[in-house]
Amino acid sequence: MRKIMVIGILVLLFFPEPSLAAEVYSPEQMESDLQRIQKQYELDVKIIGQTEKGKDIKAVKLGKGKRSILLVGSHHGREWLSSILLMRMLEEYAAAYRAGKPVGEYQTESLDEVSIWFIPMLNPDGVSIQQGDLSNLNVFEKAAVWKMNRFSRNWSRWKANAKGIDLNRQYPAGWKEVMSDETKPTYQFYKGGKPLEAAEVKALTDFTKEVDPLIAVSYHTSGREIFWHYKNKRKNMARDYGIAKKTAELTGYELTFPEKEAVGSGFTDWFITKFNRPGMTIELSYLVDETNPPLTVFPEEWERNRLVGIMLVNEAKQMHNN
């Protein structure tokens, strides 16, 4: 194994990284877009923590409401299409809110009562690796991720963070019950040695407790499916099903139904059980293999999801007022 690692270090030292795909949404592009939108609309941007490699994880608030909903993208490196979606939603909603115009059938003045917190990219380290950009890693770290990628330089399947932990298998709800063949850090499915081990997950759980959202959504890819019910209390099922059903009607995505033996450890599993409030995991795009969906699918996914955020603001407003 040591010999393989030495060879790997030499390969990484003397051969250039594979070039970035022509059409990706990088953490650097997201940061540039966020700075532009923040400046244009004078939005509140908060650093909620740092990734394992020291990159800032940012949340941006839209609205004046003291209560909020929370939308999270890119738990997984290969799922950066969710970041594009949330950034597009942020910009369109901000423009409509400033102009006092509705988004579809929904009035943006609801944001005066219930704000939206966007975390467009929880896992920028993983996104960079998936896009073939290892420039933030030293040579030994590059060799380590190469090993975690099964000694392949095809990074497109990368799902984990920079330490080889699958962030959406890191939450306390159902963590012990999650079974996996992966017992060491790798490009996908390793749940870590304990829940909340990953810096990104600890940052998100702390922030969620701080802002206390009425509804939380985690966007993923792929499969055009909505998960909403993990170990939900019976008294909350009708409320949460109603919100999930409205989301399914807007998006045209399949709505899953409760399974007795459902296993969790995902963000919305934790949110549902911790806060007793509606949480959804929304899968964008048609089903793809171990890679990112192509950018060509984005226009359709945007049309399907354009109204989701503002609809949830109005649902949260009704919850708060009841």
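**Before starting**

The structure is a predicted model, in which local features need pLDDT of at least 70 and side-chain atom pairs count only at pLDDT 80 or more, while totals for chains, interfaces and linings use all residues. Residues are numbered from 1 along each chain as its sequence is written, and side-chain values use heavy atoms, with hydrogens and water left out.

**The whole chain**

Display the protein chain as a cartoon; ten helices and eight strands are present. Both are DSSP runs numbered from the N terminus: helices are H or I of at least four residues, and strands are E of at least two. The radius of gyration is 19 Å, close to the 20 Å that the globule rule gives for 322 residues, so the chain is as compact as a globular protein of that length. That radius is taken over C-alpha atoms, and the globule rule is 2.2 Å times the number of residues to the power 0.38. Along the principal axes, the C-alpha atoms fill a box of roughly 65 × 45 × 35 Å.

Next, show the surface. Of the 322 residues, 56% count as buried. Here buried means under 20% relative accessible area, exposed means over 50%, and partly exposed lies in between (1.4 Å probe, protein chains only).

Contacts, defined as heavy atoms within 4.5 Å, can be considered across the chain as well. Among those with a separation of 6 or more, 80% join residues 24 or more positions apart.

**Stop 1: His75**

Select His75, in the loop between β3 (67–72) and α3 (81–99). His75 has a relative accessible area of 0% and is therefore buried. Which side chain makes a polar contact with the side chain of His75? It is that of Tyr171, at 2.8 Å. A polar contact is a pair of N or O atoms within 3.5 Å; within protein, one must be able to donate a hydrogen and the other to accept it, and residues adjacent in sequence count only if both atoms are side-chain atoms. Leaving out residues up to four places away in sequence, His75 touches several others, including Asn123, Lys159, Ser218, His220 and Phe267.

**Stop 2: helix α5**

Move to α5, residues 139–148. Within the helix, Lys142, Ala143, Val145, Trp146 and Met148 are buried. After α5 comes Arg150, which has a positive phi near 60°.

**Stop 3: Glu42 and Ser265**

Two further residues have positive phi without being glycine: Glu42, near 55°, and Ser265, near 80°. Select Glu42 in the loop between α2 (27–41) and β1 (44–50); its relative accessibility of 69% means that it counts as exposed. A distance drawn from the C-alpha atom of Glu42 to that of Leu111, 69 residues apart along the chain, is 15 Å.

Ser265 lies in the loop between β7 (254–255) and α8 (267–275). Is Ser265 buried or exposed? Ser265 counts as buried, because its relative accessibility is 1%.

**Stop 4: Ser285**

Select Ser285 in the loop between β8 (279–284) and α9. This serine is buried, with a relative accessible area of 0%. Not counting residues up to four places away in sequence, Ser285 touches Ser222, Gly223, Arg224, Tyr253, Pro293, Val297 and Glu301.

**Stop 5**

Continue into α9 (residues 298–305) and select Trp302. Trp302 has 2% relative accessibility and so counts as buried. Beyond neighbours within four places in sequence, Trp302 is in contact with Leu85, Arg88, Met89 and Glu92. For Arg88, 214 residues away in sequence, the C-alpha to C-alpha distance from Trp302 is 8.2 Å.

The tour ends at Leu307, in the loop between α9 and α10 (308–321). Leu307 is buried at 17% relative accessible area. Apart from residues up to four places away in sequence, Leu307 touches Tyr93, Val103, Gly104, Tyr106 and Leu250. Thr247 and Leu307 are 60 residues apart in sequence, with their C-alpha atoms 8.9 Å apart in space.
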